[in-house]
Amino acid sequence: MDPLRRVLLGGFAALAVMPRASPGAAQTPEPLKVGSLKFGTVNWLLDTIAGDKVDIREGVRIERLELASNQATTVALQAGAVDLIVSDWLWAMRQRAEGDSLLFWPYSNALGALMVPRDKGFTSLADLKGKRIGVAGSALDKSWLLLRAFSRNKLNADLTEIVEPVYGAPPLLSEQLRLGRLDGVLTFWNFAARLDAAGYQPLIDMIDVMTELGVTPSPPLVGFVWREELLRTKPDQMTAFFRAVSGANQILKNDETAWERLRPAMGIGSDAEFGRLKDYFRAGIPTPWGAAETQAAERLFGILSELGGPELVGPRTRFDPTLFWVPKA
């Protein structure tokens, strides 16, 4: 079977069973198709838009396609099965350099952290010498590359020379940490929040790492990604969608009732976990992107491309500030 067809098969099946508009709804706006990870945190935002009827107030129709992996979401966008996805801007910039006219608008400023047990006495990276550290993702994970750059500055040594990295999926690494088979885990914010609630603590937060590396203000790494042509073919829907996103973020920032409605879908193990996930999400709600964020992103791109090389950013990618879409006032 063709690889593209195989990746999208589940998504197209989901589209096939979506309810069709009735003849009387002919005058309603054309929907925006948003692809998301089946268990991703962007669903909390989309559920809030629907639950609080923000989409109706803003005049936007949203069709959701839940997919099983990050690869499936990017392939769905490239194949035209969806209009928007959430991805990182480094990937979007690489695609833009290869001729795909993508744009980016921030979704979250929440980053990961290096989580360690509270009872081991770890107070700095130097304390982890010779220890086994889980790294969510691969050797090209952006947080891992940044932590390596940080260790070069602070310890005059690459972190790969100090610790034994163990790469893997976040849930597996969290379990290995709980079993004592790892001494720490560098993981994504939502997994860090769950570990925080379970009695672990951040040895260092990735926002602090970026600050130490001169990347200020900390620019969001992940956001909504779409093709430029969507602003021409569905301009009203796009502006209404981003108004709805901003409105839902404000609801999640201030309204406890909205979180109670989300709780059954969050996979919560305890009240403490519920509280920490709320805290971490709220801390990551982004402020508007501006010139300062673009300059910080350029600095970040330089650090990541130096350590990750063409394997991470691609052979032809140069920093492109036009990737970052700023809505007209």
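**Exercise 1. A loop residue**

Classify Leu140 by its relative accessibility as buried, partly exposed or exposed.

*Solution.* 
Step 1. The classes are buried (under 20% relative accessible area), exposed (over 50%) and partly exposed (in between), with a 1.4 Å probe and protein chains only. At 22% relative accessibility, Leu140 is therefore partly exposed.
Step 2. The model is predicted: local features need pLDDT of at least 70, side-chain atom pairs count only at pLDDT 80 or more, and totals for chains, interfaces and linings use all residues. Residues are numbered from 1 along each chain as its sequence is written, and side-chain values use heavy atoms, with hydrogens and water left out.
Step 3. Helices (H or I, at least four residues) and strands (E, at least two) are DSSP runs numbered from the N terminus. Leu140 is located in the loop between strand E6 (132-136) and helix H6 (142-155).
Step 4. A contact requires heavy atoms within 4.5 Å. Apart from neighbours within four places in sequence, Leu140 has contacts with Leu145, Gly308, Glu311 and Leu312. Glu311 is 171 residues away from Leu140 along the chain, yet their C-alpha atoms are separated by 8.2 Å.

**Exercise 2. The chain as a whole**

State how many helices and strands the chain has, and explain how its radius of gyration relates to the globule rule.

*Solution.* 
Step 1. The secondary structure consists of 14 helices and ten strands.
Step 2. The radius of gyration is taken over C-alpha atoms, and the globule rule is 2.2 Å times the number of residues to the power 0.38. For 329 residues the rule gives 20 Å, and the chain has a radius of gyration of 20 Å, so the chain is as compact as a globular protein of that length.
Step 3. The C-alpha trace spans about 65 × 45 × 45 Å along its principal axes.
Step 4. Of the 329 residues, 50% are buried. Among contacts between residues at least 6 apart in sequence, 78% join residues at least 24 apart.
Step 5. Accessible areas come from the Shrake-Rupley method with a 1.4 Å probe; for residues, only the protein chains shown count as cover. The chain exposes about 15,500 Å², and 51% of this area is supplied by carbon and sulfur atoms.

**Exercise 3. Salt bridges**

Identify the parts of the chain that are tied together by the pair Arg64 and Asp47, and likewise by the pair Asp100 and Arg227.

*Solution.* 
Step 1. Side chains of opposite charge can pair when their charged atoms come close. A salt bridge is a side-chain nitrogen of Lys or Arg within 4 Å of a carboxyl oxygen of Asp or Glu. The structure holds 23 salt bridges.
Step 2. The closest N and O atoms of Arg64 and Asp47 are 2.7 Å apart in their salt bridge. Arg64 belongs to strand E2 (residues 62-67) and Asp47 to helix H2 (residues 42-51), so the pair ties together parts 17 residues apart in sequence. Arg64, at 24% relative accessibility, is partly exposed, as is Asp47 at 27%.
Step 3. A network of salt bridges links Lys38, Asp47, Arg64 and Glu66.
Step 4. For the salt bridge between Asp100 and Arg227, the closest N and O atoms are 2.9 Å apart. Asp100 sits in the loop between helix H5 (89-97) and strand E4 (102-108), and Arg227 in strand E10 (residues 222-227), so this pair ties together parts 127 residues apart in sequence. Asp100 is buried at 18% relative accessibility, and Arg227 is buried at 18%.

**Exercise 4. A charge without a partner**

Find the side chain of opposite charge that is nearest to Asp55.

*Solution.* 
Step 1. Lys and Arg count as positive and Asp and Glu as negative; His and the chain ends are not counted.
Step 2. Asp55 is placed in helix H3 (residues 54-58).
Step 3. Beyond its neighbours within four places in sequence, Asp55 has contacts with Ile49, Ala50 and Val60.

**Exercise 5. The cover of H5**

Determine how many of the nine residues of H5 are buried, and name elements that cover them.

*Solution.* 
Step 1. Seven of the nine residues are buried, and H5 is thus mostly covered.
Step 2. The buried residues are Trp89, Leu90, Trp91, Ala92, Met93, Gln95 and Arg96.
Step 3. Their cover includes helix H4 (70-79), strand E3 (85-88), E4, H6, E10 and helix H14 (291-313).
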